[in-house]
Amino acid sequence: MDKYHTAIIGAGPAGYTAALNIAAAGKSVCLIDKDREKLGGTCLNRGCIPVKSFLESANFYQKIKSADSFGVKVTGAEVNLDKIKEKANKNIDLLKKGVLSLLQAKKVHLEFGKASFISNQKIQLKNKNNTKKIEADNFILATGSLPKKLPNLDIDNKKIFDSNSLCRSLPQAKNILIVGGGYIGSEFAHFYNSLGSEVTIVDIAESLLPGQDKDIISALEKEFRKKGIKLLTAHKITQEEADKFDIVIIAVGRKPNISSLNLEKAGIERENSFIKIDKNFKTTADNIYAVGDLINTPMLAHVALAEGKKTADFLLGKNREPINYRLVPEVIFTKPQIASIGLKETEANHKGIEIEIKKKFFRAVAKAHILGQAAGFSKLIFAKKNKKLLGASIIGPQATELIHLLAPFIKAGLPAQEFEQAIYAHPTLSEIFSS
Ligand code: FAD
């Protein structure tokens, strides 16, 4: 039987980052996923990378359609969904090769099969061809998450899709219903609307994007409505209503992927549907850690990466400084884009934190007009008592990039004055932060 210092189940961003970091310290590491195709996990195969590639194509098409307003005549622009998928697949293949070569360079041993615990020192690995056992002193669980289902709308991958099957087949449709107005549903809405489909988003909640501040949500809802996206909020969809659409995309959230792991055999407890961990990502089994989407932290690829790295540090007895989740940016690739970091206004009000808000609109920023994207604003949140920057939300062009300028200010606890003294080049979108 093979024996390792650490075996990691799940080769998404959390798992492969942990593997690379532990192997870099000269320890024997086995990284396991169901099959070779799944290397890179949801993010690379069915999430961040394909969806953001699709969106880039959609934005490209939109830009061409507005070419006239930039003084460029373009005729005959056409969308080809097969080609859009092909471009996304090329990106996936390229990045997968990159991950694979890093793993090979660090001598991480790869195994493929479905893993489940036999004990806290041993797992069973089953694939089409055989079953084998793997032993390790330590395990890291990084099996990610799965799309949640709805009882009355079964995924059939013909008419009703979830994000997995949508990324796989990218169907063409004239009239699309998206169930769920979180960031995944909203990004799919932007994609299909940009390509000319009729899109309706339905959500049982009062608004899109739960968790974002009201003014950000209203600004996106307004832009969506302007583009003809229909919003049916505070509405529970029925089967009869769904039948009226060509396709239905279910995007109602995700749940930890733990059902096949035999957690009880290893003494691993859950907390709600997530895996219970301590502050060092250790589960209730002393030699087993859990990271990424299957623990109760933000379900984001960069969080998974940070947790994978941090767990490797804990396991190797290195840097024990905890992750500062306050500095995790949230990014949404709609148009306009949305990004936030640190404290939000809603949260401050809820916690009774006294704040001062500085809002600046992109219509006052020259570069936004040059780009033809002047909708939106940035909202900086300062502590009333000492004027330190506590958080920010941005809706507008390149919000997903601009947000990163703010993290160092929040981390260092710099006051507004320092922030305002910075000089921002003209004409750039960064001028949204100038006083
Ligand atoms: P995963 O990436 O899910 O990887 C888990 C791996 O474990 C999988 O490869 C799976 O095959 C494997 N596995 C599961 N069970 C077993 C088992 N029993 N045996 C062996 N292997 C197993 N995040 C962002 O930060 N930015 C974005 O723009 C973004 N866009 C997204 C868009 C969509 C449509 C979706 C669905 C997600 C998106 N995410 C985004 C979220 C991001 O994909 C996840 O947060 C991230 O992939 C979580 O990483 P992970 O390593 O925890 O798990």
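Author: I will start with a pair of helices and then turn to the ligand. In this predicted model, the axes of α1 and α9 are 7 Å apart and the two helices pack at an angle of about 30°. The crossing of α1 past α9 is right-handed. On the α1 side the contact is made by Pro-13, Ala-14, Tyr-16, Thr-17, Ala-18, Asn-21 and Ile-22, and these meet Ala-301, Ala-304, Leu-305, Gly-308, Lys-309, Ala-312 and Leu-315 of α9. Sorted by class, the residues of this contact are 10 nonpolar, 3 polar and 1 charged.

A second pair is formed by α3 and α6, whose axes lie 9 Å apart at an angle of about 35°. Here α3 passes α6 in a left-handed crossing. From α3 the contact takes Val-51, Lys-52, Phe-54, Leu-55, Ala-58, Asn-59, Tyr-61 and Gln-62, while α6 brings Glu-187, Phe-188, His-190, Phe-191 and Ser-194. This contact divides into 7 nonpolar, 4 polar and 2 charged residues.

Now the ligand. The largest share comes from α2, with 4 residues.

There are 39 residues around the ligand, and those that come nearest are Asp-33, Thr-42, Lys-52, Asp-293 and Ala-301. By class, the shell is made of 17 nonpolar, 14 polar and 8 charged residues.

Which atoms of the protein lie at the ligand's oxygen atoms? In the side chain of Asp-293, an N or O atom is 2.8 Å from an oxygen atom of the ligand. For Cys-43 the atom concerned is a backbone N or O, at 3.2 Å from a ligand oxygen. Lys-38 also has a backbone N or O atom by a ligand oxygen, at 3.4 Å.

How much of the ligand does the protein bury? Taken alone, the ligand exposes 1,000 Å², and the protein buries 97% of that.

Key. Residues are numbered from 1 along each chain as its sequence is written. This is a predicted model: local features need pLDDT of at least 70, side-chain atom pairs count only at pLDDT 80 or more; totals for chains, interfaces and linings use all residues. Side-chain values use heavy atoms; hydrogens and water are left out. A residue is near a molecule or strand if one of its heavy atoms lies within 4 Å of it. A polar contact is a pair of N or O atoms within 3.5 Å; within protein, one must be able to donate a hydrogen and the other to accept it, and residues adjacent in sequence count only if both atoms are side-chain atoms. Accessible areas come from the Shrake-Rupley method with a 1.4 Å probe; for residues, only the protein chains shown count as cover. Ala, Val, Leu, Ile, Met, Phe, Trp, Tyr, Cys and Pro count as nonpolar, Asp, Glu, Lys and Arg as charged, and the others, Gly among them, as polar. Axes are lines fitted to C-alpha atoms, for helices over the stretch in contact, and angles run from 0 to 180 degrees between N-to-C directions. A crossing is left-handed if the near helix is turned anticlockwise from the far one by less than a right angle, and right-handed if clockwise. Contact means heavy atoms within 4.5 Å.
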